[in-house]
Amino acid sequence: MLAVRKVRRKLRMGTICSPNPSGTKTSSEACNADWMASLPRHLQNVPLSHLAIPGSHDSFSYWVDEKSPVGPDQTPAIKRLARISLVKKLMKKWSVTQNLTFREQLEAGIRYFDLRVSSKPGDADQEIYFIHGLFGIKVWDGLMEMDSFLTQHPQEIVFLDFNHFYAMDEAHHKRLVLQIQEAFANKLCSACSVESLTLQILWEKKCQVLIFYHCPFYKQYPFLWPGKKIPAPWANTTSVHKLILFLETTLSERDPSGTFHVSQAILTPRVKTIARGLVGGLKNTLVHRVAPISISPLRFSRIS
């Protein structure tokens with residue numbers, strides 16, 4: 001555990017960097033973009049589920065389109081209100097939960113991505129988009145951005161957690177899975193025993209991507225891991241104190257039978273929270289309150 005804490009401390013202090021055109025590091029000092037490759041040898045051979053791995057919430061929502069229709073993840077009442085242009089501008093303040101692109105998050109060391117996807121009403125081509133209240137970028141564009149990073153950093157492993165699907169029928173799921181296959185090809189890791197999976201094993205197989213698919217559709221493809229293999233208990237509170245207690249309890253009670261575990265160090269706004277902080281948005285109302293525990297080396301902003 002001490003070794004893992006040292007690695008996490010190193011991540012916080014490290015420099016965000018990218019490889020130069022030749023593919024080599026820009027500095028002899030390990031950087032966040034290659035933190036997995038830089039782990040001590042003994043950590044390369046422990047199960048991935050025993051490592052603390054940084055992740056982000058609503059990872060895709062660094063950009064949402066306020067000109068798009070309101071997403072099918074919203075209530076009819078919100079959809080009616082959103083006919084007023086000002087409402088969509090306010091929605092954007094509460095829909096954006098990240099300020100870094102996928103590439104920037106990867107370079108910063110993020111390796112777990114919380115993904116929610118949807119088709120768009122009236123779209124004839126069955127395109128799939130990321131969504132959080134409002135529509136974000138196309139899933140295909142996000143996957144290609146990730147694949148580009150992984151090609152340049154062949155020892156980095158990512159967890160892509162597709163946990164919410166909206167307005168998607170079988171044809172949409174098939175399209176999404178095909179895009180995943182086309183984007184990552186041989187980088188995909190087939191579902192297997194969690195406890196047998198280490199960095200060293202993945203490096204030998206040249207696998208870099210674990211796809212978790214919270215839908216029965218996963219049964220049709222060997223590279224789709226069932227959602228139950230990566231539970232993510234949710235505190236659903238605006239209280240930092242209650243959040244800490246929840247995270248401590250759920251982490252201590254995690255299933256020992258071979259799963260990953262996501263500790264969601266996030267505060268969730270209620271209707272009155274949004275009403276009181278309508279103009280300020282999510283960042284100014286809740287993020288600054290929870291940030292200190294999210295970045296603490298002894299806290300929970302991670303998958304493990």
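This is a predicted model: local features need pLDDT of at least 70, side-chain atom pairs count only at pLDDT 80 or more; totals for chains, interfaces and linings use all residues.
**Entry 1: R175 and its partner**

I opened with R175, which is partly exposed, with a relative accessible area of 28%. Which residue does R175 meet in a salt bridge? I found E127, with the closest N and O atoms 3.2 Å apart. I then placed both residues: E127 is in the loop between β2 and β3 (128–132) and R175 is in helix α7 (residues 170–184), so this pair ties together parts that are 48 residues apart in sequence. Is E127 buried or exposed? At 7% relative accessibility I count E127 as buried, because buried means under 20%.

**Entry 2: helix α7**

Having landed on α7, I stayed there a while. I checked its length: at 1.5 Å a residue, the 15 residues of α7 should span 21 Å, and the end C-alpha atoms are 21 Å apart, which agrees. Next I listed the buried residues of α7, and they are H172, H173, L176, V177, Q179, I180, A183 and F184. They cover an arc of only 155° around the axis, which puts them on the same side of α7. I reminded myself of a handy rule: an α-helix has 3.6 residues a turn, so residues three or four places apart point the same way. What do the buried residues of α7 pack against? I noted β2, β3, α6, β5, β6 and β7 (224–226).

**Entry 3: helix α6**

The buried residues here are V139, G142, L143, M146, D147, F149 and L150. Looking down the axis of α6, I saw these buried residues fall within an arc of 160°, so they line one face of the helix.

I wanted to know where the greasy residues gather. In soluble globular proteins, nonpolar side chains tend to be buried together. The largest nonpolar core here has 37 residues, and those with the most contacts inside it are L160, F162, L176, F184 and Y213. Which elements give two or more residues to this core? I wrote down α5, β2, β3, α6, β5, α7 and β6 (209–213).

How many salt bridges does the structure hold? The tally is eight. One of them joins the side chains of D58 and R116, at 2.8 Å from N to O. This pair links distant parts of the chain: D58 sits in the loop between β1 (55–56) and α3 (76–81), while R116 sits in strand β2 (residues 112–119), 58 residues apart. I found both D58 and R116 buried. D114 joins in too, with D58, D114 and R116 linked in a network of salt bridges.

I looked up another salt bridge, between the side chains of R111 and E156, at 3.0 Å from N to O. R111 lies in the loop between α5 (102–108) and β2 and E156 in the loop between α6 and β5 (158–166), so the pair ties together parts that are 45 residues apart in sequence. R111 is buried, with a relative accessible area of 0%. E156 also counts as buried, at 0% relative accessibility.

**Entry 4: aromatic rings**

I turned to the rings and found 14 aromatic pairs. F60 and F130 form a stacked one, 5.3 Å centre to centre with 10° between the planes. F60 is in the loop between β1 and α3 and F130 is in strand β3, 70 residues apart. Both F60 and F130 are buried. By contrast, F217 and Y221 form a tilted pair, 5.7 Å centre to centre with 35° between the planes. F217 and Y221 are both buried as well. I also noted one aromatic cluster, made up of F60, Y62, F102, F113 and F130.

**Entry 5: K206**

My last stop was K206, in the loop between α8 (199–205) and β6. Is K206 buried or exposed? At 65% relative accessibility, K206 counts as exposed. Leaving aside residues up to four places away in sequence, K206 touches N186 and K187. I also checked K206 against C189: they are 17 residues apart along the chain, and their C-alpha atoms are separated by 8.8 Å.

How values were computed. Residues are numbered from 1 along each chain as its sequence is written. Side-chain values use heavy atoms; hydrogens and water are left out. Buried means under 20% relative accessible area, exposed over 50%, partly exposed in between (1.4 Å probe, protein chains only). Helices (H or I, at least four residues) and strands (E, at least two) are DSSP runs, numbered from the N terminus. The arc is that of the directions from the helix axis to the C-beta atoms. A salt bridge is a side-chain nitrogen of Lys or Arg within 4 Å of a carboxyl oxygen of Asp or Glu. A nonpolar core is a set of buried Ala, Val, Leu, Ile, Met, Phe, Trp, Tyr and Cys residues joined through side-chain atoms within 4.5 Å. Rings of Phe, Tyr and Trp (its six-membered ring) pair if their centres lie within 6.5 Å; planes under 30 degrees apart count as stacked, over 60 as edge-to-face and the rest as tilted. The expected span of a helix is 1.5 Å times one less than its number of residues. Contact means heavy atoms within 4.5 Å.
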